[in-house]
Amino acid sequence: MTPAIEIQRLGKCYGALVALDNVDLVIQPGEFFALLGPNGAGKTTLISILAGLTRASHGTASVMGYDVLSGYREARKRLGVVPQELVYDPFFTVRETLVIQSGYFGLKRNDVWIDEILHHLDLTEKAHANVRALSGGMKRRLLIAQALVHKPPVIILDEPTAGVDVDLRQSLWQFIRQLNLQGHTIVLTTHYLEEAEALCNRVAVLKQGKIIALDSMHNLVHSTRGYTLEFRLSSEKLPSGLQAWPGKQDGCLHSLKIKDSSEIETALSILRESGIQVFDIKLLQPDLESVFMKLMEADSAGSA
Ligand SMILES: Nc1ncnc2c1ncn2[C@@H]1O[C@H](COP(=O)(O)OP(=O)(O)OP(=O)(O)O)[C@@H](O)[C@H]1O
């Protein structure tokens, strides 16, 4: 099967700064893929190279088998990119913007699809409004609509929900999920890790231009073994039986790392016997955020 995206030994330098450092990555058709990383990791640079907006210093990148340089037009036709920055032409209405964008891809009769996108992005009522009169969140929705006018098989969303309210986020994700179920490949960058965790099947974590983790979402989230038992006590001091357990403390709020359910039992019986009152108790499962934080810490320790 031709990969949706194939990147080999891709590098990008801005003077002495290495923004991408020999990145290899293959994303298969139909994947819902998360490209994560802290600010400045190189996500937008990678996306710009795929969209033909930035030239790589070395290496190759292709979209649905078309090289982004030598097969630029074919690659671009198959890719829809929602950019992070709000860029728009203030002189047109929402609908005109989408008709013009369709024209770039040689699509003359695209009204039915444009209506459908406007509906899903809750922009139908704004179809005839001038773009400059839209709120920030609506402008972002229009960017998403623009990226979808040519029904590209591969869709890259760079921080699509920044500044978008909760209601719209839900309907936006529903729409993107539906596109994914219809076979579109989705690549998402976001700093909302719970969104990535809920939506994506596979994930790459970039840091300083390098991929430091690449796995299925399930494997990555469960790569951290164990749970955290969090409880609020009547005392700042833990009973002596628990003092040597790994964990941390913030006043009367204590978090203990535990391996399995038998340790929950042990911890609770030690607390009961000590006579210290327990006000609140929670068992926290590992999530993408905790794994991400760990990866960042481990990598900094390794590179220090
Ligand atoms: N045009 C440019 N000139 C010089 N340096 C650049 C340029 N574009 C990006 N960089 C640098 O390249 C590195 C990667 O930036 P990039 O925007 O790709 O990161 P990012 O992962 O998208 O970050 P964010 O999450 O903040 O959007 C950063 O150190 C950035 O300062």
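Start with residues 5–233: the end C-alpha atoms lie 52 Å apart, and the span is 33% helix and 30% strand. Helices are DSSP runs of H or I, at least four residues; strands are runs of E, at least two, and both are numbered from the N terminus. UniProt, in an unreviewed entry, lists this span as "domain: ABC transporter". Such annotations may be inferred rather than shown by experiment.

Ground rules now. This is a predicted model: local features need pLDDT of at least 70, side-chain atom pairs count only at pLDDT 80 or more, and totals for chains, interfaces and linings use all residues. Numbering runs from 1 along each chain as its sequence is written.

Confidence next. ipTM is 0.97 and pTM is 0.84.

On to the ligand. Its shell includes Tyr14, Asn39, Lys43, Thr44 and Gln84; a residue qualifies if its C-beta atom, placed from the backbone, lies within 6 Å. α1 gives the most, with three.

Last, Leu284. Leu284 sits in strand β14, residues 278–284. Buried or exposed? Exposed, because Leu284 has 11 C-beta neighbours inside 10 Å; the cut-offs are 12 or fewer for exposed, 20 or more for buried, partly exposed in between. Leu284 touches Tyr227, Thr228 and Glu230, not counting residues up to four places away in sequence. Contact means C-beta atoms, placed from the backbone, within 7 Å. Leu35 is 249 residues from Leu284 along the chain, and their C-alpha atoms are separated by 25 Å.

Notes
Contact = placed C-beta atoms within 7 Å.
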